[in-house]
Amino acid sequence: MGLIRNLARSSTVIRQILIRNNHKIIMARQLHASRTDGVDKNVWVEFTQLAADYKAVNLGQGFPDFSPPKFIQEAFCKAVSGGPIMHQYTRAFGHPPLVRSLAKFFSRIVGHEIDPLEDILVTVGAYQALFCAFQALVNEGDEVIIVEPFFDCYQPMVKMAGGKAVYVPLRPKAASGAVLSSGDWVLSAEELASKFTPRTKAVVINTPNNPIGKVYKTEELQMIADLCIKHDALCISDEVYEWLTYDGAKHVKIASLPGMWERTITVGSAGKTFSATGWKVVHRLCNVFILFTACSFDDLFWSQVGWAISSGHIVKHMKTIHQNTVYHCATAAQEAVAQGFEREYEVFGSPESYFQQLPAMLHLKRNKLASCLESVGLQPIMPQGGYFMIADISSVKVDYNDQSSVDEPNDFRFVKWLTKEKVNIAFS
């Protein structure tokens, strides 16, 4: 029996070796698609692993300190108990109650009558809205201008669509002295104009900006709009933080400017709108992100609802990508978000509006975080909007001993130094 068992074991090993060898032969050619070259690294993945390796407290993936508003939670509970229809497919391009609510709500803000069935695409979060935009509208060799600093997914999405990212930075306007507000970071009209070529297909902006917190003024948006119109380019406007503005800063939709409705894709997020992904604060020390993220079980429902709003002649191409990728978004979540917007439509502009209450609450948190930074000798730059704060680390002198990071930017090295040697916190 022992001999038989040994023979059987040997046979299994030989068979596994043959299978492995066959796989090597079958996959001798390149396995991965070339579009993924150079986009495999991700800052969140890297620093989450770093925190795990050094048993640091990972502030990149945290826990909530407040929940979504009661009316949204109740709307979701009502939706999931609303009978069989709430657990089945709805319209692929957006649950009819939700697209109607979005159209009604945003029509009065944009100043254009939005067609709920033609001008809106509901997506699996803002991420998918961006993905659909790039995949549907960017051809091989097209150039896409991205304003720096930017959320990290823009460049990989442009590249995977076959396009080329062209960068133009926001720059602090103060020639000397401290830059105290995100409003002090400006986009040069001349520098932006120099980036346009016959191959320019689109400009990507993010207002309020992640990570600086800049809220673009009307005159700044008009400058971008004029260039888009002059060069017949699209504008992809990421506005997921639109309700988070402070100190009197007003969010303006570039799609509301003359001539821009027909060429702007406005991206929104239910998770950011109703705080369903939790509370996030990022303070960036020079180029360093420290992300405090609060997540809850609500993420399972709310983070999966985003949208793109644009002229129907643009949205129809994005629908093609959507129907051949995810096809459909969670019905009950869309129903709940629809109810949330219906409620906000009725109380908009009043103290009862969540869109008034949320920035007031975060304003206090922003000020507290700024005080913490100042208490350790860092000068924060107060954000006009969003979840984020930046500060300068140039006054912090660090003797880096980690030779593995010698070729990396200073912000990366600083984060790794903090995580490994200074404090038990993972900064993202």
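Me: How does helix 3 pass helix 12, in a left-handed or right-handed crossing?
Reply: Right-handed, going by this predicted model.

Me: OK, and at what angle do helix 3 and helix 12 pack?
Reply: About 140 degrees, and their axes are 8 Å apart.

Me: Which residues in helix 3 meet helix 12?
Reply: Phe71, Ile72, Ala75, Phe76, Ala79 and Val80. Their partners in helix 12 include Ala332, Ala336, Gly340 and Arg343.

Me: What about helix 4 and helix 12, at what angle do they cross?
Reply: Roughly 30 degrees, with the axes coming within 8 Å. That makes helix 4, residues 96-110, roughly parallel to helix 12. This crossing is left-handed.

Me: Which residues make that contact?
Reply: On helix 4, they include Leu98, Leu102, Phe105 and Phe106. Helix 12 brings Val337, Ala338, Phe341 and Tyr345, among others.

Me: Switching to the core: how many residues are in the largest nonpolar one?
Reply: 73, and Phe106 and Phe341 are among those with the most contacts inside it, along with Phe134, Ile265 and Trp307. At least three residues come from each of domain 1 (42-65 + 356-422) and domain 2 (70-283 + 300-353).

Me: Which residues does Ile265 contact, leaving aside its neighbours within four places in sequence?
Reply: Among them are Ala133, Leu137, Leu234, Ile236, Ile309, Ile314 and Met318.

Me: And what does the second core include?
Reply: That separate core has 27 residues, including Trp185, Val203, Leu221 and Leu227.

Definitions and conventions:
Residues are numbered from 1 along each chain as its sequence is written. This is a predicted model: local features need pLDDT of at least 70, side-chain atom pairs count only at pLDDT 80 or more; totals for chains, interfaces and linings use all residues. Side-chain values use heavy atoms; hydrogens and water are left out. A nonpolar core is a set of buried Ala, Val, Leu, Ile, Met, Phe, Trp, Tyr and Cys residues joined through side-chain atoms within 4.5 Å. Buried means under 20% relative accessible area, exposed over 50%, partly exposed in between (1.4 Å probe, protein chains only). Domain bounds come from an automatic or database domain assignment. Contact means heavy atoms within 4.5 Å. Axes are lines fitted to C-alpha atoms, for helices over the stretch in contact, and angles run from 0 to 180 degrees between N-to-C directions. Helices (H or I, at least four residues) and strands (E, at least two) are DSSP runs, numbered from the N terminus. A crossing is left-handed if the near helix is turned anticlockwise from the far one by less than a right angle, and right-handed if clockwise. Angles under 35 degrees count as roughly parallel, over 145 as roughly antiparallel, 65 to 115 as roughly perpendicular and the rest as oblique.
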